[in-house]
Structure formats: structure tokens, C-alpha cells
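Subject: Structure handover

Hello,

The structure is placed below, and my notes on it follow.

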Amino acid sequence: MSRLLFHMEITNVMEYEAIAKEKLPKMVYDYYASGAEDQWTLKENRHAFSRILFRPRILIDVSKIDMSTTVLGYKILMPIMIAPTAMQKMAHPEGEYATARAASAAGTIMTLSSWATSSVEEVASTGPGIRFFQLYVYKDRNVVAQLVRRAERAGFKAIALTVDTPRLGRREADIKNRFTLPPFLTLKNFEGLDLGKMDMTNDSGLASYVAGQIDRSLSWKDVKWLQTITNLPILVKGVITAEDTRLAIQAGAAGIIVSNHGARQLDYVPATIMALEEVVKAAQGRVPVFLDGGVRRGTDVFKALALGASGIFIGRPVVFSLAAEGEAGVRKVLQMLRDEFELTMALSGCRSLKEITRDHIVTDWDQPHPLPPLPSARL
């Protein structure tokens, strides 16, 4: 099927996955595509969006639509940003360079993974752009402090602290494939620290790497510690409950990313779009709440914003489009999502992001909407 897609116009984000599957080595495609264990949450991240329907408003002048917003004070052209995804040079030789240029061209934010195959300095060298740095906390805190300082020096604007990975989730495809980083690549941010290499093992090389390097004792006190070594705002990535939302705000988080790690950590957690409203309510407007996981359509973006998100991040669509068409593919994914989102806004009667409200959607967990009384007719 995907051979045909090369000759056909790609019309939506999902179509890139089939092309990526054909082009990539099985080990690499499986690494990007798979979730944890039964992959229930992986399917649910997508499927849950279908349980939210629109209540579009009509006869509103939508000749002008403004999708721009600010994130932590930085102006971006749309609330669609790029999530951290590891080892992008496995998808395409230009890897994170291509993604950084595409994000910059689209006027949006790119988050660089700790486990990138390009360093913070290399990504900064691609030119201007607003970039966040995703951080895993290593057992050696000097490594962490050094990395954060390098990200600051390279002009990164925030730290996205991943908090759902004290151990790596059980990703069975990676175990079967004996996943490891191809020999011509390294985790560039750790090169020279003897932490850039991943050994072949009899299961997932990444799981073994995490077990050896990542700090399982990470706790809220470390979020406080991070604030003593950097002035950058810290987004806590991997929150899906009200309780942890309150703790994150108490610990000084500048924002929250509702994430289940692309369904790659604990299986049978809810889809992020299902967990979003609980987190938004607990945050009480004190910090912005963002969402990643399962976004493949502009309609998904609108639904997330209607449920209180300040913006969304996309992960897999970036690596699949990167594999298919390099930088041009990532640009196209961002453009398609932007166009679909703009159309959804127009057809829902919303001219700016602040006009997108909870009343524009109905979910299958809502009470039926009571009808407002008709205005009494004056005779």
C-alpha cells in the first residue's frame, strides 16, 4: 500500500506510518511504533479521542482565525509543538537537525530528547528557534548539572523533566529485536562521558542502559534540587492524576505535560485525553497544562484545548514523517495539523484559542446538556 502512497498525495498524518514501516529496519520501526506490554494504552491513546464529539456553533464570522498563543511567555504560531523523541538519526541521517529546522519554519517549539543523536549545541547551530530540553535524571548528578548548563548555554528555554521513567516500560518488540542503538550512532549529549554508548544485551539494550544509568530514587525533592541549578522553567512531563498535579505545583513546576510516555511505560493507564480534565481541574489555572499522546488530527488538537490544554505535543508523527521524507516530511505534518486545526476552529465557530470552550464538545462521560430556556417572546 505504501508504495502507492509515494505516488499519491499524502493527505493526513497517519499515512506516514505505513511509509516509515516500509523504509525503516524492523528494529527501528518497532522501537518507534510499539507500546508497553499488551499495548492497550497505545490503542486507547488514539481511540479515546473518538469518544469526544463536537457541538459546533454556527453563523459566526470566521473569516479571520488566529491560532497563535504563548507558551511560558514565548510566542508561537499554533498550539502544536514537537515532543521529545529519542534517537532521530535512526529515522533519517539529518535526525534532530531536520526536526529543529521544520519546527522553526512552522513557528513552533521543538523539545529535544536527552537521548538525542544530535547534541544540544548541534541543534542550536541549525539557527533560531524556541527549543525546550527534555531531561532524564542520571544517577550521577554532575552529569545532569553539566547537561542542564549546556542546554542553557545553547539557548534552550525550558526543561521538560520526564518523571514517569524510574525504569523503562516493558516493550516486548524491543526485547524480541534485542534493540540497541545502531553502531554508527551515539547518544550525542553524553558523548565523552562514557554514557553515549548502548551495549547489545540479551533483551532490550535501552532497558539495560536505563537500569544502569537512570536514577530510580528520583522524587519531588529532586524537582526542587533542579531549581537550584537552573533558572529555566521546569515542565513536569508524565503527570496523569490530580494528586500529582497538586504536588508538581507545590514543587514549583512552571507547567505540566499530561503524558503516558506514548503508552510506552505502564500499560492500562488511561489515554492522556481522558486524564487531561482531571489534571486541568486540579491545576486551577495556576500553571499551563499541555498534552501529548495520540494526537493525529487537527480535531484532536481542538478537543484537547476544549478540555483545558494550553497546547499539545506530537511525537510519533514526527519520526514517521522524518523517516519518510526528512525535513520536508516533518514540515508537512506540522502544516497538515495546522490546516486541519484551523478548519476545525472555523467549523466550530471559534476565531481564537480563547474562544474554544468546554461547551464546544460533548464527551461520553458528560451529563446531557440541559437546553437553555428560549427567550420569552415579547408580544
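Are Trp-115 and Tyr-136 buried or exposed? Both Trp-115 and Tyr-136 are buried (buried is under 20% relative accessible area, exposed over 50%, partly exposed in between, with a 1.4 Å probe and protein chains only).

On provenance: this is a predicted model, in which local features need pLDDT of at least 70 and side-chain atom pairs count only at pLDDT 80 or more, while totals for chains, interfaces and linings use all residues. Residues are numbered from 1 along each chain as its sequence is written, and side-chain values use heavy atoms, with hydrogens and water left out.

Aromatic rings

The structure holds 11 aromatic pairs (rings of Phe, Tyr and Trp, the last by its six-membered ring, with centres within 6.5 Å; planes under 30 degrees apart are stacked, over 60 edge-to-face, the rest tilted). One of them is Tyr-31 with Tyr-32, a tilted pair at 5.7 Å centre to centre and 55° between the planes. Tyr-31 and Tyr-32 are both buried.

Trp-115 and Tyr-136 are a stacked pair, because their ring centres are 4.0 Å apart and their planes are at 20°. This pair links distant parts of the chain, 21 residues apart: Trp-115 is in the loop between strand E5 (110–112) and helix H6 (120–124), and Tyr-136 in the loop between strand E6 (131–135) and helix H7 (141–153). Helices (H or I, at least four residues) and strands (E, at least two) are DSSP runs, numbered from the N terminus. Ring pairs join Trp-115 and Tyr-136 with Tyr-138, Phe-190 and Tyr-209 in a cluster.

Charges over rings

The charged end of Arg-141 sits over the ring of Trp-225, 5.3 Å from its centre (the criterion is NZ of Lys or CZ of Arg within 6 Å of the ring centre and within 35 degrees of the ring normal). Lys-303 has its charged end over the ring of Phe-54, 5.3 Å from the ring centre.

Ile-52

Ile-52 lies in strand E1 (residues 52–54). Its relative accessibility is 1%, so Ile-52 counts as buried. Leaving aside neighbours within four places in sequence, Ile-52 is in contact (heavy atoms within 4.5 Å) with residues including Lys-303, Leu-307 and Trp-365.

Helices H13 and H14

H13 (residues 298–306) and H14 (residues 316–348) pack at an angle of about 60°, with their axes 7 Å apart (axes are lines fitted to C-alpha atoms, for helices over the stretch in contact; angles run from 0 to 180 degrees between N-to-C directions). H13 and H14 are therefore oblique to each other (under 35 degrees is roughly parallel, over 145 roughly antiparallel, 65 to 115 roughly perpendicular, the rest oblique). Residues in the contact include Phe-302 of H13 and Phe-341 of H14.

Regards
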